[in-house]
Amino acid sequence: MLTVENLTKIYKTGDRALKDVSFTVQAGQVVGLIGPSGAGKSTLIRCVNRLVEPTSGKIRLDDRELTRLSGAALRSARRRIGMIFQEFALVERLTVMENVLSGRLGYVPFWRSFTRRFPQTDIDMAFALLERVGLSDQADKRADALSGGQRQRVGIARALEQDPELLLVDEPTASLDPKTSRQIMRLIGEICAERNLPAIINIHDVVLAQAFTARIIGLRAGEVVFDGEPDQLTDKVLTTIYGEEDWNAMRRGAEEDSRDNQEAAERMAGLV
Amino acid sequence: MQSVFETGRTWRRSPVLIKDWRWRWGIYLFSLVYLVLAISTVEVNWTRVYEGLDRGWRFLQGFLVPDFTSRWRDISTGLVESLTMTLTSTVVGVLISIPIGIGAARNLAPVPIYLACRAIVAVSRSLQEVIIAILFVAMFGFGPFAGFLTLTFATVGFISKLLAEDIEEIDEGQADAIRATGASWLQLVNYAVQPQVMPRLIGLSLYRLDINFRESAVIGIVGAGGIGATLNTAIDRYEYDSAGAILLIIIAIVMVAEYSSGFVRKWVQ
């Protein structure tokens, strides 16, 4: 269980990116974090694994207080928090397998990672994960040889290789086409369900968030302005989060996407 | 549909650096006057230039009929010395540069280490090879050892600086991703930084290899051994045909290094 209490982040420039944010995420719950650009979504999830230092407030994962950790303790907390990135953030010149195995860096000593002699159990897990995300035959390709959707699958496998207790997902679909976006969101959802893994997913696409998450938190200018179930997201709520806009036009666009997607799903089913 | 628009409006690219035309033309005029005055103060001894032309001509003749054979023993010793000096100094220099380059990268090193490493880079870069060579020759005597130290010292400044700049420009997203896995600092360097900078490090090292070879010819003249010493002796003895041969060999080796390093750089991409 993740608990965030009164989290505040003020950047050196004076920007108050987060103001007094509090919420909890239960085991197995997939939370969509929505809000306009600059609302503090990215800052919030980066505060959790301390890629960004929070100014004040507490973050607890189960019983461990994350905001006070440093050095080895911080590294051992980070290794149980998987992160999936917007631009995939794979190390481009390493192979797919090396990228997946880099999820074990927090567990193995330097010499093992340097010589790429990971324990057999780690390698077994990596192969199993590559199979799970559908890339078992790509293990020795260089990461920059893959397509966007494939790269994000490697990113997911890397995060899972950490054997995480929590997934932080930062705009996983922003660099992907609509169909691949839905496939990736579905994959993340399925994996969280399989492992009873809690996840926070930053996502600016409201329709995707509604389709694939169980709970939605809306941020505006660093404050939580909505916290509820996806169907409670009315036009009025969306207007408080994003400001005035024609929300029906957006939904119509999304319906077209989802029709495409359904066809794709049927085709996929035909292949299996 | 026919669109209606106004015609005859003029457009000129607006000046980017200096907006005021008076300043702009003022600066041009000042530069021109300064240039004319500066050139007029250079004293030229035309009779000496005339004599020099004669020597230059003899030099050119030496080039046209290079004599590889009569001083071949000296030339080959010099060459072997130079090549040894070049290779050893590049390898040792690059090995020393790697930790210093990492230390001089602001995104990897804490401030005190950063400042120390930047200071080393600054010292190494502020002294020209010939000056360092003179110092080392005075300290350790004539010969290739002084040359080896000189080139190593110069290599450290060059590679560390460029490596540090390259490390500072890496894709931080990839570094964040590795940090987020709980990796230690060494693992971060090995997994996120090294893959990103390796091709450039190899390219720079090869480039430095051929700079070092050329420099070995220059520092030989001040006593640091190698082909430069041989060249200096040949010129002192007015043996322009041997000197021509040495220069041709230097040019050939630099060209071979140039082509092969281009090939290797393409291959490591």
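What percentage of the 269 residues of chain B count as buried? The share is 35%. The views below show a predicted model.

**View 1**
From the N terminus on, its elements run α-α-α-α-α-α-α-α-α-α. The radius of gyration of chain B is 26 Å, well over the 18 Å given by the globule rule for 269 residues, so the chain is more spread out than a compact globule. The C-alpha trace of chain B spans about 80 × 65 × 45 Å along its principal axes. Take the contacts in chain B between residues at least 6 apart in sequence: 72% of them join residues at least 24 apart.

**View 2. Chain B meets chain A through 18 residues, which are in contact with 21 residues of chain A.**
Two helices of chain B, H7 (172–180) and H8 (185–220), each supply at least two residues of the side that touches chain A. By class, that side of chain B has eight nonpolar, eight polar and two charged residues.

**View 3. Six strands of chain A form an open sheet of mixed pairing.**
The strand order is E6-E7-E8-E3-E9-E10. Strand E6 (81–84) and E10 of chain A are the edge strands, and each pairs on one side only. From one strand to the next, the twist averages 20 degrees. Inside the sheet, strand E3 (residues 30–34) of chain A runs parallel to E9(A), and four bridges join the two. A:Leu33 stands opposite A:Ile217 in E9(A).

**View 4. Strands E9 and E10 of chain A form a hairpin.**
E9 covers residues 215–220 and E10 covers residues 223–228 of chain A. The two strands run antiparallel, joined by five bridges. A:Ile216 has A:Gly228 in E10(A) as its bridge partner. Two residues lie between the strands. In the turn, A:Ala221 has a positive phi of about 50 degrees.

**View 5. A four-stranded open sheet of chain A has antiparallel pairing.**
Its order is E2-E1-E4-E5. Strand E2 (16–25) and strand E5 (64–65) of chain A stand at the edges, each with a single partner strand, so one side of each is left without a neighbour in the sheet. Strand E1 (residues 2–10) of chain A and E2(A) run antiparallel and are joined by six bridges. In this pair, A:Thr3 stands opposite A:Thr24 in E2(A). Which helix lies across E1, E2 and strand E4 (56–61) of chain A? Helix H1 (residues 41–48) of chain A does, running at about 60 degrees to E2(A).

**View 6. The largest nonpolar core has 114 residues.**
Residues with the most contacts inside this core include A:Val100, A:Leu167, A:Leu168, A:Ile188 and A:Ile201. Helix H6 (residues 144–168) of chain B gives the largest share of the core, 13 residues.

**View 7. A:Ile201 is one of the residues with the most contacts inside the largest core.**
Leaving aside its neighbours within four places in sequence, A:Ile201 is in contact with A:Val30, A:Val31, A:Gly32 and A:Leu33, among others.

**View 8. A second, separate core has 10 residues.**
Among them are B:Ile75, B:Leu231, B:Ala243 and B:Ile249.

Methods. Residues are numbered from 1 along each chain as its sequence is written. Chains are lettered from A and ligands numbered from 1 in the order in which they are written. This is a predicted model: local features need pLDDT of at least 70, side-chain atom pairs count only at pLDDT 80 or more; totals for chains, interfaces and linings use all residues. Two strands pair if DSSP finds at least two bridges between them. Axes are lines fitted to C-alpha atoms, for helices over the stretch in contact, and angles run from 0 to 180 degrees between N-to-C directions. Two residues are in contact if their C-beta atoms, placed from the backbone, lie within 7 Å. Ala, Val, Leu, Ile, Met, Phe, Trp, Tyr, Cys and Pro count as nonpolar, Asp, Glu, Lys and Arg as charged, and the others, Gly among them, as polar. The radius of gyration is taken over C-alpha atoms; the globule rule is 2.2 Å times the number of residues to the power 0.38. A residue is buried if 20 or more other C-beta atoms lie within 10 Å of its own, exposed if 12 or fewer, and partly exposed in between; C-beta atoms are placed from the backbone. A nonpolar core is a set of buried Ala, Val, Leu, Ile, Met, Phe, Trp, Tyr and Cys residues joined through C-beta atoms within 7 Å.
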